[in-house]
Amino acid sequence: MSKLTDKNSYTVIFAIIMVVVVGSLLAGVAQTLKGRISENERFEKQQNILYAMGINNNQGATDVAFIPATEVAEKFDTYIKKQVVIQGDQITEDPEAFLIDIKQEASKAKDDPNYQRRLPMFIGEKDGKTLYIVPMRGNGLWDAIWGFMAIDENLRVEGVFFDHAGETPGLGANIKERFFMDPFTGEELMSNGTFRGVTVAKGNNDPRNNRKDDHRVDAIAGSTITGDGVTAMIRRDVAMYIPHIKKLINEQQ
Amino acid sequence: MEHIELFFKSIFIDNMIFATFLGMCSYLAVSKRVATAVGLGAAVIFVLAVTVPLNWLLNEYILKDGALVWLGPEYASYDLSFLTFILFIATIATMVQLVEIVVEKFSPGLYNALGIFLPLIAVNCAILGGSLFMQAREIPTLGLALNYGISSGIGWFLAILAIAAIREKIRYSNVPAPLRGLGITFIITGLMAIGFMSFGGMLTGGDEGAEASEIGAPVMGVETEQLQNESNNTDKTISVLDNQTLTKE
Amino acid sequence: MALLSRKERNLVLDPLTDDNPITVQVLGICSALAITAELKASVVMAVSVIAVLAVGNVVISLLRNVIPNKIRIIVQLVVIAALVILVDLILKAFAFELSKQLSVFIGLIITNCIIMGRFEAFALGNNPWHSFLDGIGNAGGYGLILIIVGFFRELLGFGTLFGYKVLGDPIEKTGLYALGYENNGFMVLSPMALIVIGIIIWVQRIKNKELIED
């Protein structure tokens, strides 16, 4: 005696129905919500860019509070004066620059060595200072990490914002906490005219981060690989922008 | 060169058990005897070697943003990456069940040796972890994906072989009764993981290391000197604190 | 507890102690190691797993008479993955802030073998109400261990609990640190979670001799 659920034909039919039902359910939901999700993601990107500039609703010493989604588009237009795309030596203005997917650009550049990568950059103004905000993207321990860095006219860090897809909660995930991000502010990026970036260093002799010209911030204990990922990301992605920022600063003066 | 580097990196530095703690459940449950551990380990190598390249193809030609472009330019804007989990899991479960059926049919001997471990593998998070790491790290070619699957499988195999051997020996030791079995296995695994952490240093050899030593760690003496100079004219307490940290190191 | 019969009560209470998923059934170890460096993450994970396992158990239990035996593993995995992805998509659209905080846990939940383990061991053979209770109990027992490990690792590793500096400030040298106490950086690393769980198992088996292995 065999049960109905053991029959081959039943198994095949069940599998087909399951695939169709689950597939169409997921695809349907994903399609209907796509608009809302991409809108939320766009707001998030604007919030992150403004956060790196130091425009946020932070009140306590530990909270990371963005401009609320309802106001962010307006604030973004107020503070971000220009969005530019850098391709080769060309710097062109492009109001859609923040839609560029830097992950795709990086993989295109990797696949095809002749491809000239499009680099989006945001030029903002705060308290009369011009700030250059650059995006970056790299790998942490488990998955991707990314962020924005606001750079001022003296090539110092004005502020940063980091985020991640799946770093270990309580360890690497803390790169998006204030105690990790705040010490970047004021760090020098350049040393004697060459780019050195900011290293996330263990055994830092400067745990309160009083020295701003040592190119180092204190690492998070227990998350070496995420920290190294941040260092590498800054060294690779921010470095690409430095000559262009220098050029823009010279043009302004 | 790329292949050799990835091979050793996946076995030792990114060891599935000791560095990322994936597949821990079957590792602890099936490591009482060396013979069974070898069976499970071999099955894991095999399944990883099949599913990682398979999922690489899926990711490259179906899931990635714009991956459907081979169907025609009008498909370039589709992004199916939200299906990643479900498709990867389905591939793994299907493969495991397929392998089970094929092995049962053609090689009953092997089936008896391997059989009971195969269903266990479908729920082994090391297998899904392997595919997800492959996606997150953007492994560029099919060959490297195959390499990654095999080598991370070997890493898992080595780990379970080692703990099974230790557990066979430790039966003759005088372990406190409540700690016997699972308890001592947890603690030994912890110690082994601490040992494996030392492989992490292997990564910084080569080019990256040269760069790091040039840019990263400054020479200790120079740093101290600077600190002392600073302490003369700036905030005293801070430099005292810094020097304390220094001497401790 | 007049609401639940004796058997039903045991379904919830047993996994909290004598049939604990982590220390006795050896399920769900990976996530117990990865995310217990901080108490807050442990609590979030515990709550998410309770929700997912309770709902998943009910769904599988409802489907238990129609799932073909040969492909049950695939069906179970697909059901759980589909549920989690659906919740993730909906959160992304309507509660973006919350979804940002939970996104890290999604992969960990799908790959958590405690979920598959309970589907296979319980939900496939029992009615939905019992499966629901079993889900709550097992995920609760799992969460309990997570929270204990998270408590010790955060307290000894960072000197904080839920981010509050309960032992004083290690840089300013106040509180306990003024007496020369130092944080144990090792506690932050995952291998120490293994050792803490080992000690929990030790303590548990001293209390309950029946669990001792030969």
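What share of the 253 residues in chain A is buried? A few friendly notes follow, with the answer in the first point.

1. Buried residues account for 49% of chain A, where buried means under 20% relative accessible area, exposed over 50% and partly exposed in between (1.4 Å probe, protein chains only). Please keep in mind that this is a predicted model, in which local features need pLDDT of at least 70, side-chain atom pairs count only at pLDDT 80 or more, and totals for chains, interfaces and linings use all residues. Residues are numbered from 1 along each chain as its sequence is written, chains are lettered from A in the order in which they are written, and side-chain values use heavy atoms, without hydrogens and water.

2. Chain A has five helices and ten strands; these are DSSP runs, with helices (H or I) of at least four residues and strands (E) of at least two, numbered from the N terminus. Its C-alpha atoms fill a box of roughly 85 × 45 × 45 Å along the principal axes.

3. Turning to chains B and C, their contact (heavy atoms within 4.5 Å) takes 37 residues from chain B and 40 residues from chain C. Together the two chains bury about 3400 Å², 83% of it on carbon and sulfur atoms; buried area is the accessible area (1.4 Å probe) that two parts lose on being put together, summed over both. More of chain B's share comes from B:Phe21, B:Pro178 and B:Phe186 than from any other three residues: 18% of the area that chain B buries against chain C.

4. Which helix of chain B gives the most residues to the side that touches chain C? Helices of chain B that each supply at least two residues there include H4 (84–106), H9 (182–197) and H12 (236–248). H9(B) gives the most, with ten residues.

5. That side of chain B divides into 27 nonpolar, seven polar and three charged residues. Here Ala, Val, Leu, Ile, Met, Phe, Trp, Tyr, Cys and Pro count as nonpolar, Asp, Glu, Lys and Arg as charged, and the others, Gly among them, as polar.

6. Why is helix H6 (residues 113–121) of chain C largely enclosed by the rest of the structure? Seven of its nine residues are buried, so the helix is largely enclosed. Among the buried residues of H6(C) are C:Cys113, C:Met116, C:Arg118 and C:Phe119. Their cover includes H2 of chain B, together with helices H3 (39–63), H4 (72–94), H5 (96–110) and H7 (128–158) of chain C.
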